[in-house]
Amino acid sequence: MFGPDGRLYAAENARKRITAYMPDGKLSVIATGVTPNDLAVTSKGEIYFTESTTQKVWHIDAKGTKRVVFDGAKDGNLGLPNGVRLIPDESLLVVADTVGRTAWSFHIQQDGGLADAQPFYHLQLPDDVTQGPLRSGADGMTFADTGHLLITSKIGIQICDQAGRVVGIIRNPSTHDVSNVVLGGPGLNTLYATAGGQVFKRQLRIKGVFPWVPVKLPRPQL
């Protein structure tokens, strides 16, 4: 994810660290001793990241101090925290649960802590899931300026409205699971998706947001 300082922030799982890269490639190490899966950067330069192996969500403040702000094993039934994104106005943090059927939402507190954990976005599941873990396959996410959440899953890219309902599904373009999505391009209305070592794109009628610029959302349509 890009931050407000122009750096590209990366979750380096194998090296157990979070790093940031300047446009010229200069590397800075932000945090070590963690196994990050995905991350989100706020307009204040703070970081949230998921650690799937421990079921935890972490926060790193602007000074580089890291702490656990949610433990999926102790604080709630968040089985495998994966993708993590801030909604465009930065009032909520959303975390995808790969082995569940929901993406969770949290209110962001003044000190960066999380409150009011709720399994909010209810995803559609493959028809052949009859027993065992539900495994929606929820992974990467991105937001549109309308407040719609686009989230990858076993059955494609699901589009959820602000009320948490699935209102559309874009079919998986590959035989592999879609792993990540972002809205980019000149008008921020090109959907890019990664799957099985390939990158796909498609034009949409909605457009994305720059993650480092907070955007006021329209009133939810219930």
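Good morning. Two strands are said to pair if DSSP finds at least two bridges between them. With that in mind, I turn to the structure shown above, which is a predicted model.

I begin with the strands near the end of my numbering. Strand β16, residues 178–184, pairs with strand β17, residues 190–195, in the antiparallel sense, and six bridges join the two. Within this pairing, Asn 180 faces Thr 194 of β17. The two strands form a hairpin with five residues between them. In that turn, Gly 185 has a positive phi of about 85 degrees.

What does Val 94 contact once its neighbours within four places in sequence are left aside? The list includes Gly 83, Val 84, Arg 85 and Ile 87, and also Ala 103 and Trp 104. Further along the chain, Val 94 is in contact with Tyr 121, Met 141, Phe 143 and Leu 149.

I come now to the charged side chains. The count of salt bridges is seven, and I shall describe three of them.

In one, Arg 15 is joined to Glu 12, with the closest N and O atoms 3.9 Å apart. Are these two residues buried or exposed? Arg 15 has 59% relative accessibility, and because this is over the 50% cut-off, Arg 15 counts as exposed. Glu 12, at 14%, is under the 20% limit and is therefore buried. Both residues also belong to a network of salt bridges that includes Arg 17.

Another salt bridge brings together the side chains of Asp 111 and Arg 67, at 3.8 Å from N to O. This pair links distant parts of the chain, 44 residues apart: Asp 111 is in the loop between β10 (102–108) and β11 (114–122), while Arg 67 is in strand β7, residues 66–71. Asp 111 counts as exposed, at 53% relative accessibility, and Arg 67 is partly exposed, at 33%.

The last one I shall mention joins Asp 161 and Arg 165, whose closest N and O atoms are 2.8 Å apart. Asp 161 is buried, with a relative accessible area of 9%, whereas Arg 165 is partly exposed at 39%.

Finally, the surface. Which residues form a nonpolar patch there? They are Phe 2, Leu 8, Phe 210, Trp 212 and Val 213, and together they have about 420 Å² of accessible area. Val 213 lies in the segment after β18, which spans 198–203. Because its relative accessible area of 39% falls between the 20% and 50% limits, Val 213 is classed as partly exposed.

Thank you for your attention.

Conventions
Residues are numbered from 1 along each chain as its sequence is written. This is a predicted model: local features need pLDDT of at least 70, side-chain atom pairs count only at pLDDT 80 or more; totals for chains, interfaces and linings use all residues. Side-chain values use heavy atoms; hydrogens and water are left out. Patches are made of residues with over 30% relative accessible area and no salt bridge: like charges are joined within 9 Å, nonpolar side chains (Val, Leu, Ile, Met, Phe, Trp, Tyr) within 5 Å. Accessible areas come from the Shrake-Rupley method with a 1.4 Å probe; for residues, only the protein chains shown count as cover. A salt bridge is a side-chain nitrogen of Lys or Arg within 4 Å of a carboxyl oxygen of Asp or Glu. Helices (H or I, at least four residues) and strands (E, at least two) are DSSP runs, numbered from the N terminus. Buried means under 20% relative accessible area, exposed over 50%, partly exposed in between (1.4 Å probe, protein chains only). Contact means heavy atoms within 4.5 Å.
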